[in-house]
Amino acid sequence: MAGSRLGHGGTLCALLTSNSALMSPKSKRVTKRTSRPGNRAQLENEALLSARALVDRMRTLYRELERMTEAPISMHRALLCIGNSPGLAASMLATQLGMQRPAVSHVLKNLARRGWIERSRSEGDQRSVKLHTTAEGQQILRATAGRAVGTLQRAVRSLSARELDQVAQGIGALLERLPVSPPSRPASKVRRSSRGVGGRTTARSAR
């Protein structure tokens, strides 16, 4: 069981510290803007390196947390929200996570299966489901505090109003230009052929 392997620790609600939590001094040099007006190529390169650094840094944190608990990052995000707001309605959780309700229902089912949360009907409205963390869920929050969940959120909160506006517009513009999912066209199958010249294995597409 993931919880028993984690042991006891501090609290997981706000895992981030600040921008510095996401960037080492070396990576800060990569993301620091040194652009000059009109230098389009340099701007593009700096933006690309910054985007890659952010993705790579968060991927590393998420993978470590998932390896530690054997639970996907979506479960940890939901658990953190529930821990921060005992009695949170399932509908509000979907809003906070920016997820569709069917996806949230799947996450909640897995959290309940692990014994990390409890679900109950609201006395005033039987259609409303209230969420609470269990003792084991609280243990997970304490043991994984500072590892990934909330890290990006706290870094965002540390930005100034001007920086927030720049980040929101910049990332929003970038996301608009990225595909939501991989192309539907099936990828070509690759199969290994026999060893070629020099004993090296070659690969070719099978159509």
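Colleague: Which residues make the nonpolar surface patch of about 690 Å²?
Modeller: That patch is Leu54, Leu152, Val156, Leu164, Val167, Ile171, Leu174, Leu175 and Leu178. Patch members have over 30% relative accessible area and no salt bridge, with nonpolar side chains joined within 5 Å. Accessible areas are Shrake-Rupley values with a 1.4 Å probe, and a salt bridge is a Lys or Arg side-chain nitrogen within 4 Å of an Asp or Glu carboxyl oxygen.

Colleague: Where did the model come from?
Modeller: The model is predicted: local features need pLDDT of at least 70, side-chain atom pairs need 80 or more, and totals for chains, interfaces and linings use all residues. Numbering starts from 1 along each chain, and side-chain values use heavy atoms, without hydrogens or water.

Colleague: Which helix gives the largest share of the nonpolar patch?
Modeller: Helix 10, with 5 residues. Helices here are DSSP runs (H or I) of at least four residues, and strands (E) at least two.

Colleague: Why does leucine 54 count as partly exposed?
Modeller: Because leucine 54 has 34% relative accessibility; buried means under 20% and exposed over 50%, with partly exposed in between.

Colleague: Switching to the inside: which residues touch the most other members of the largest nonpolar core?
Modeller: Leu93, Leu108, Leu111, Trp116, Ile117 and Leu131, out of 20 residues. A core joins buried Ala, Val, Leu, Ile, Met, Phe, Trp, Tyr and Cys through side-chain atoms within 4.5 Å. Helix 5 supplies the largest share of this core, 5 residues.

Colleague: What does leucine 93 touch?
Modeller: Leaving out residues up to four places away in sequence, leucine 93 touches Ala78, Cys81, Ile82, Leu88, Val104, Leu108 and Leu131; contact means heavy atoms within 4.5 Å.

Definitions and conventions:
Patch = residues over 30% accessible without salt bridge, like charges linked within 9 Å, V, L, I, M, F, W, Y side chains within 5 Å. Buried < 20%, exposed > 50% of the residue type's maximum accessible area, 1.4 Å probe, protein only.
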